[in-house]
Amino acid sequence: MLRMQRVLRVLRRSLREQWSHEAVRVRGAERGGPLGYARSIFTAPFRVDPAQIATLSGPQRELRRRAALLRLILSCLLGISAFVLLPAALLGQAAAASLVRLGLVIGLALACLLLNYWRRTTLAGLLLIFGTLSIMVHFLVTNPGGIDLQVVLTYALLAVLILISGLVAPGWATWLTALLVVVTTLAGIFARPFAPPLAHAIADPQQLRFAVAGPLVTLELFVAVLGWVSARSAGAAMAAAAQAFERERELASLKDQFITNVNHELRTPTMALNGYVKLLKLRHEQMKPERRAAIIEQAALAGDDLVSLLSSILDTQRLDQSAQALLHEAVDVRTTLEAAVRLVDPRAGGLAEDQSVERDLRMHVPAGLVVWAEPVRLRQVLTNLLSNAVKYSEPGTPVEVSAQVLEAPLELSRRRRNGAHAQPRMVEITVRDYGLGIPPEQAKLLFERFVRLPRDLASTVIGNGLGLHLCKSLVEAMGGHIWVESAGVPGEGATFHFTLPVAPLDTQPLLEATSEHLPVVVAP
Amino acid sequence: MVPPEPGITRTVLVVDDNRRLLAFIGDALTELGGYTVVTAEDGIKGLELYFALRPDCMVIDVKMPGLDGFQLVRALRGDPASASTPLIILTAMAQGRDRLAGLLAGVDQYLLKPVDPMELVTAIQQAITLGDDERRRRLRQLADEGA
């Protein structure tokens, strides 16, 4: 007796732990115990945790969705069969065959629940669908009476089975179930006789068969489509949620990277500016005038650095808001390029302020080539690209700039491969350097806001990850597209391409293309 | 503030990849502390200049190309010839774990940018006057706390 009590106590404790464990394991449970577990069965299929599904592949997400739905459907089936249908059948003194079928359904539901618990979800779903189908077909085939209302309703219930297969079974199983059900329905309606009361009442049995089979088959096919569509929609929704979560995580990481980067970049010029001012405050009376002037000049330069950094940050925000407000006009490419060259900061090339190094700027730009753009913004794009070419290549290596009108189909298809919209009469401008190059897998990241390559973050090259994003925003606001081509091999460098619409014909004179090699002295 | 030593000119080696900041620190230490300031723009150059000049103190940035600040500190502390050199980190890396990493690497002071020029001068003077025994005691204490 004591041993029995001890065993019961151990059993109760292990069941309680099992329920608690299950309640924690099943997502959505708020507290343990059987109630929590029961609640989780009904809430789990409708709770989507983007953080969790983002870590899963497409097939894994689909499996998880089906497992949750299967658990819900099987629990309902078991509950209804065991607590409603079975007592009703027993009280109504149903035939032995009915009781056996009910017992089979309950056993099938239990077996499928166990398989699902052991993560054999697909097998559990298939067993449920085809097991239930077999039981119902057996009933229809072995029913001694002919076609009557009960039989017609049973055929209609088969449509529910198709819907369930759409929710818990793979797509092919849904269509296979639908096919089997339609064949069973047609065979049953056309091969079996009508039950005696019905047989005597109708004049044309054949017409009635069509009248019954038609709506039944239509219902079954419609439900098959519905089940398949709902499963696909649920899968697509989960994929979209996972994608949105991934994108949000990427943006959060980019934001953190930007904050870290800007934090580091801002502290340095702030320290120089603030420090010089404090130095003047402490020692201005003891300093000679020329020394005082030199300190003030240094403070001003530190202030310029700070303003330049803040302007870059604010520019991207302003540009995003005012992209549609650009005033386009006919802009000569060559003239704008020459203006941009004058603005490139020689110190960006890693040179000391008292050094000057000749760089060969090779221009292959037709004179008179005119694009439809905003002149200041075009100059800004060219300045950014030329500045990057200087910054990320060794002093003395050449920089090449070329421009051409795109008209040949081959050129257009090359642009299409890089995502540009195919538009007639576009000008493609390229800026090529022979520097470090860009790893191909990181090329697309460069145009994201606040992104700098890990290699560049560790280098002496100053940057805030906004220049190329600014170029992309500007080029797209002017109706073009920008991309980069690079093998990522140091010495081969990178080629930045961007396109802009050709200016209307009445604004551009036709001149022959010229190529020039201009020695450009990069000096302060 | 620890008063400067009369008649003694100390040499401070500053290692930072930002030229503007190097110029400012040079001006500030010269004006306020009377130091002779030598600068280097990366960790490797800093190491070379250290062994060439044997400065009285080093002020080191962390994020630099090649040899970063922490690596430079560990290299100096690992060599008996340079283990006792006063070392100060001056960085924009403000997280607690970065500060702990710096102190465990063996620096005498971990200062955050932007730093007041007088505070920097005071930190250098304190680091220079810190004895070897006291330096070793602090490192042991940090190692015990970190464990």
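This is a predicted model: local features need pLDDT of at least 70, side-chain atom pairs count only at pLDDT 80 or more; totals for chains, interfaces and linings use all residues.
Local features are given where pLDDT is at least 70, side-chain atom pairs count only at pLDDT 80 or more, and totals for chains, interfaces and linings use all residues. Residues are numbered from 1 along each chain as its sequence is written, chains are lettered from A in the order in which they are written, and side-chain values use heavy atoms, with hydrogens and water left out.

**View 1. Chain A as a whole.** Chain A contains 16 helices and 8 strands, where helices (H or I, at least four residues) and strands (E, at least two) are DSSP runs numbered from the N terminus. Of its 524 residues, 42% count as buried, a term that stands for under 20% relative accessible area, with exposed meaning over 50% and partly exposed the range in between (1.4 Å probe, protein chains only). The accessible surface of chain A comes to about 27900 Å², and carbon and sulfur atoms account for 64% of that surface; the areas come from the Shrake-Rupley method with a 1.4 Å probe, and for residues only the protein chains shown count as cover. Among the contacts in chain A (heavy atoms within 4.5 Å) with a separation of 6 or more, 75% are between residues 24 or more positions apart.

**View 2. The interface of chain B and chain A.** The contact draws 25 residues from chain B and 28 residues from chain A. About 2400 Å² is buried between chain B and chain A, 59% of it from carbon and sulfur atoms; buried area here is the accessible area (1.4 Å probe) that two parts lose on being put together, summed over both. Arg20(B), Phe24(B) and Glu31(B) supply 30% of the area that chain B buries against chain A, more than any other three residues.

**View 3. Polar pairs and the side of chain B that touches chain A.** Between chain B and chain A there are 8 residue pairs in polar contact, both residues being at pLDDT 80 or more; such a contact is a pair of N or O atoms within 3.5 Å, in which, within protein, one must be able to donate a hydrogen and the other to accept it, and residues adjacent in sequence count only if both atoms are side-chain atoms. Helices α1 (19-33) and α5 (117-129) of chain B each supply at least two residues of the side of chain B that touches chain A, and the largest share of that side, 10 residues, comes from α1(B).

**View 4. Salt bridges between the chains.** The interface of chain B and chain A holds 5 salt bridges, each a side-chain nitrogen of Lys or Arg within 4 Å of a carboxyl oxygen of Asp or Glu. In one of them, Arg291(A) pairs with Glu31(B), the closest N and O atoms being 2.8 Å apart. A salt bridge also joins Lys278(A) and Asp116(B) (3.0 Å, N to O), and this pair runs from helix α10 of chain A to the loop between β5 (109-112) and α5 of chain B. Lys278(A) is partly exposed at 29% relative accessibility, and Asp116(B) is partly exposed at 25%.

**View 5. Salt bridges within helices of chain A.** Arg247(A) and Glu250(A) form a salt bridge (3.0 Å, N to O), and both lie in helix α10 (residues 205-283), 3 residues apart, about one turn of the helix. Glu476(A) and Lys472(A) likewise form a salt bridge (3.5 Å, N to O); they lie in helix α16 (residues 467-477), 4 residues apart, about one turn of the helix.
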